[in-house]
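Colleague: I have a structure open and would like to learn how to read it. Could you take me through it feature by feature?

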Amino acid sequence: MSGRTCSSGHVVQAQKLVDQLRVEAGMERIKISLTAADLVRFCQDHRRSDPLLTGISASSNPFKDKKTCRLL
Amino acid sequence: MAAEKAEMDALKKECDGLRAQIEAARKAVNDSSMSGAAGGVASVGRVQLKLRKTLKGHLAKIYAMHWSADSRQMVSASQDGKLLIWDTFTGNKLVAVPLKSAWVMSVAFAPSGNLVASGGLDNMCTVYNIKAASPKTLRELDAHTGYLSCCRFLSDSEILTASGDTTCCLWDLETGKQKIIFTNHIGDCMSLALSGDMNTFISGACDSLAKLWDLREGTCKQTFSGHTSDINAISFFPSGNAVITGSDDCSCKMYDLRSDQEVIGYQDTSLNAGVTSLALSNSGRLIFAGYDDFNCHIWDSLKGEKVGVLSGHDNRVSCTGVPEDGMGVCTGSWDSFLKLWN
């Protein structure tokens, strides 16, 4: 394997890195004031359908061990 | 040789220029913070979940768990060499799948409920049909040159894997062959998560980076930095517009995809343990993060405050999951038990 083959391997790798950075640099970014507000809005809009926030009644709790009812 | 060096120098200069461009673009949209946006939001108060069930059956450390789409069945994987499929409503074990290799690191339930997949130090992802009379090996996906750290089904015919060989891979289950290989990480891939629309996925790796990928094009779209150690856990925020990561650097972070940067971090000076796993409640407001300190700590995703803790395991919490209906949290541990909380 010649020295040249080794170096052009490095060049290929460096070119790939540049190509990837070009892709990432090209995106349009939106202001955090807007995107963060959007995330907050999502949480607020969905809080009533989040059982771990609202709580779960004993009768509708699928994981709660049901106590058996014994007729005496 | 001189020509090569000149080319390398030019490429390095272009690289530095592009990195500076990206940083400048990020800075330009950094006009606020999550604390600013969440200022007017009411606190969630103290979140106190109760332990509802402890699932006993594994004989060694549990490394992974995954909920079925029905929010009732769940599969767990242990280095005792077994996958167990549980009915979490009754606590009963429904199916036991013996593994060829006990060194399992990941497990997944197909959305249909027909298949489960697992893999680990055998470098393979094995797919099982659990609806057969006894669990039948459907496919052995064998091409990764490093351990299998994570796997997720898109459907009964496609699965995504993440590997210690630094790549992620999309497989065709009809042929058992690789469809697309995702290369860009420079460290072991540790975790992945699929977007709700299945057009993209995110990966976290030992290079401390999180990456967003286009599933069909096979390209890396965005790279998120900030962590100072391995990212072990990653999840989409339920709206699909943000990503939460958990790392060996003892912190979690939320990155907004549209602003292309971190918007809030979750760390506490008293927490000196690495994050192993994480899951979000249905509204995205609560983050359940499993740590090496044997606990699962609960974070308010908007205010960045610790709001609760799930304590009870006697060893590292290795996996955490919230079912689709959001009715509870499951934690799995090296203590060999799974616990259900709500």
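Modeller: We start with the ground rules, then take the interface, the salt bridges and the sheets.

Modeller: This is a predicted model, in which local features need pLDDT of at least 70 and side-chain atom pairs count only at pLDDT 80 or more, while totals for chains, interfaces and linings use all residues. Residues are numbered from 1 along each chain as its sequence is written, chains are lettered from A and ligands numbered from 1 in the order in which they are written, and side-chain values use heavy atoms, with hydrogens and water left out.

Colleague: What area is buried between chain A and chain B?

Modeller: The size of an interface is often given as the accessible area lost when the parts come together. Here buried area uses a 1.4 Å probe and is summed over both parts. For chain A and chain B it is about 4,700 Å². Carbon and sulfur atoms give 67% of that.

Colleague: How many salt bridges cross the interface of chain A and chain B?

Modeller: Look for a side-chain nitrogen of Lys or Arg within 4 Å of a carboxyl oxygen of Asp or Glu. The rule finds 4 across this interface. One salt bridge joins A:D65 to B:K53, with the closest N and O atoms 3.1 Å apart.

Modeller: Now the elements. Helices (H or I, at least four residues) and strands (E, at least two) are DSSP runs, numbered from the N terminus.

Colleague: How many salt bridges does the structure hold over all chains?

Modeller: The total is 19. One of them joins the side chains of B:D9 and B:K5, at 2.9 Å from N to O. B:D9 and B:K5 are 4 residues apart in helix α1 (residues 2-29) of chain B, so about one helical turn separates them.

Colleague: On to sheets. What is the strand order in the open sheet that holds β28 of chain B?

Modeller: Two strands pair if DSSP finds at least two bridges between them. The order of these 4 strands is β1-β28-β27-β26 (chain B), with antiparallel pairing. β1 (51-55) and β26 (317-321) of chain B are the edge strands; each has a single partner strand, so one side of each has no neighbour in the sheet.

Modeller: Follow one pair. β26(B) and β27 (residues 329-333) of chain B run antiparallel, joined by 4 bridges. In this pair, B:T320 sits opposite B:T331 in β27(B).

Colleague: Which residue takes a positive phi in the hairpin of β24(B) and β25(B)?

Modeller: B:G304 does, with phi near 70°, and the hairpin has 4 residues between its strands. β24 (residues 296-300) and β25 (residues 305-310) of chain B pair in the antiparallel sense over 5 bridges. B:W299 has B:K306 in β25(B) as its bridge partner.

Terms used
Buried area is the accessible area (1.4 Å probe) that two parts lose on being put together, summed over both.
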